[in-house]
Amino acid sequence: MNTKINLAGIEMKNPVTVASGTFGYGREYSNFIDLNKLGGIITKGTSLKARPGNKPPRVCETPSGMLNSIGLQNPGVEYFAKYDLPWLREFDTKIIVNACGSTIDEYVELCKILNDLDIDGVELNLSCPNVKAGCLAFGMTYEGVKEVTSKVRKVLDRKPLIVKLTPNVTDITQPAKGAEDAGADGISAINTLLGMKIDIDKRKPVLANNTGGLSGPAVRPVAVRMVYQIAQAVKIPILGLGGIMTGEDAIEFMLAGATAVSIGSGNFYDPETSIKVVEGIEKYMQKHKIEDISSIIGTVEMN
Amino acid sequence: MPIKLDCEILKKEKIIEGIYKFTLKAEPIAKTAKAGNFIEIQVSTTGEPFLRRPISIYSIDDDKIEIIFQVKGKGTEILSEKKVGDVINVLGPLGYGTFSVDNYKKVAIIGGGIGTYPLYELAKQLKGKADVTMYMGFRNKDLVTLEKEFEDVCNKVVITTDDGSYKQKGFALDVLKEDCKKEKPDIIFACGPLPMLKAVQAFVLEENIPCEISLEERMGCGIGACLGCAVKVISGKEPRYGHVCKEGPVFKATDVEI
């Protein structure tokens, strides 16, 4: 039984990664799971300089999911390279850095640094809904994604480049094509859906930032549909995510066209969710006598 | 180090309407837990409600921990319906900022409402080591809880109610302030509603009394990864957002903006 996959040039022992922003830089979860069992770790969104993050409250629960507005709080790439990366490198898993910025120049400067680090790939975050500048602003159109991605591609010539897309668009295939045409090696989808929860006693939104990104099982069908649409529109591989809790959920994404998957807020529900997904995929392979997990990618037959 | 553990409910007690005490079989957690730690409970195995519920540890025994919680919403309601013998999945002990159980001569502990519960293990550990006065404030007589439990471990217990329906009328902090005029304690420990904690903080900063405050904030992961439960930390050169689940839940009153 072969669970190995190749995501955008990154050889992984299995298709299961943990999603950016839900797993920090891995230390906290290493108390609960063996990081060596993961196909890869996508780091917390990391920027050129440290970012303070948004005012609290930053999270709240919603039906089968949650809203967050963390605001990309992170210690900056230098700190990451010095303190977190050497620690992460002790594990036998692929390290993909989620890169975020407020301006194109910031993305470019950051990716110049990432190009020289001992990492396995970059996930370009063009989709965070919780910061005022950058990110989402670039991620919503074909032109926007193409412009940032091509400028980053020029300086990031030694690492696989995966572009993470927002679902907060009318047609997800447009930014996906923008990424492909700019030379991205892969696409990651979806980031969170913009949402809001109101405290009816205070008549105010629960989150200090008013709106936040919706994640969890509630968004899964939207994510599966979008992964399918992207798979029809582009040739580069897809890292699929959105509410994955079990191996069965992961298989859905792979049938829709994802080469690999990410576990996001499912980590909060159970720190062992990612490991259970790895085991669940193996069980599915045994049950359906699948020799090679790659063979199921994009094999859904539409009615 | 925090672990994930399936804990059997050994005992369930309704303290007053809407407030429950569970005794959990949790040896590995009990062995390492400190006063001020909390746990995160998965209230449902269906994925709905989605997030775990952070609940402070009330008491630590050899192989057991006790929690007391108020039914506030869907999650705690489901938890309150669990029966003796049921097993719940728990992460714990959580929080690296705990109460400093140290050598003190005179200690004041102040708790408001359900904020008194996270203070009990602290009082228990200080018993016989320091002269401890517990100040507990409640809205009214019907909400007064754990009077006897605190009397058993503290040298003195002061109870106030906002409406005067039981013991002294007024706020617990006002009594503490009066007592401080006679003799200041070496340290004050506090947990309770935000307005009370703000008033406590203002008082101790003015009087220059060491103080530790247990905070709560909406949480995602509970272990320091999601960065959801932010609190402004002002102890360094520049203010920054720290996190209640990791650096807290107990902070020095001088270190946080509340």
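Visitor: Is the crossing of H7(A) and H9(A) left-handed or right-handed?
Guide: The crossing of these two helices is right-handed. Bear in mind that this is a predicted model.

Visitor: Which residues make that contact?
Guide: From H7(A) there are A:Gly247, A:Glu248, A:Ala250 and A:Ile251. H9(A) brings A:Val277, A:Glu279, A:Gly280, A:Ile281, A:Lys283 and A:Tyr284.

Visitor: And by class, what has the contact of H7(A) with H9(A) got?
Guide: It has five nonpolar, two polar and three charged residues.

Visitor: At what angle do H7 and H9 of chain A pack?
Guide: At about 70 degrees, and their axes are 7 Å apart. H7 covers residues 247-256 and H9 covers residues 273-287. Angles from 65 to 115 degrees count as roughly perpendicular, so H7(A) and H9(A) are described that way.

Visitor: Over to chain B. In what order do the strands of the open sheet with S13 come?
Guide: The order is S14-S13-S16, three strands in all, with antiparallel pairing.

Visitor: Why is one side of S14 and of S16 left without a neighbour in the sheet?
Guide: Because strand S14 (240-243) and strand S16 (256-257) of chain B stand at the edges, and each has a single partner strand.

Visitor: How many bridges join S13 to S16(B)?
Guide: Two bridges join them, and S13 of chain B spans residues 230-233. In one pairing, B:Lys232 has B:Glu257 in S16(B) as its bridge partner.

Visitor: How many residues of chain B are in contact with chain A?
Guide: 25 residues of chain B, which meet 30 residues of chain A. On the chain B side, S13 and S14 are the elements that give two or more residues. That side divides into 15 nonpolar, five polar and five charged residues.

Visitor: What phi does B:Leu146 have?
Guide: A positive one of about 60 degrees, although B:Leu146 is not a glycine. Most residues other than glycine have a negative phi. B:Leu146 sits in the loop between strand S8 (131-138) and helix H4 (147-153) of chain B.

Visitor: Is B:Leu146 buried or exposed?
Guide: B:Leu146 counts as buried, because 22 C-beta neighbours lie inside 10 Å and the cut-off is 20 or more.

Key: Residues numbered from 1 in each chain as written. Chains lettered and ligands numbered in written order. Predicted model: local features only at pLDDT ≥ 70, side-chain atom pairs only at ≥ 80, totals over all residues. Pairing = 2+ DSSP bridges. Helix = DSSP H or I, 4+ residues; strand = E, 2+ residues; numbered from the N terminus. Axes fitted to C-alpha atoms, helices over the stretch in contact; angles between N-to-C directions. Parallel < 35°, antiparallel > 145°, perpendicular 65-115°, else oblique. Left-handed = near helix turned anticlockwise from the far one by under 90°. Contact = placed C-beta atoms within 7 Å. Nonpolar A, V, L, I, M, F, W, Y, C, P; charged D, E, K, R; others polar. Buried ≥ 20, exposed ≤ 12 C-beta atoms within 10 Å, placed from the backbone.
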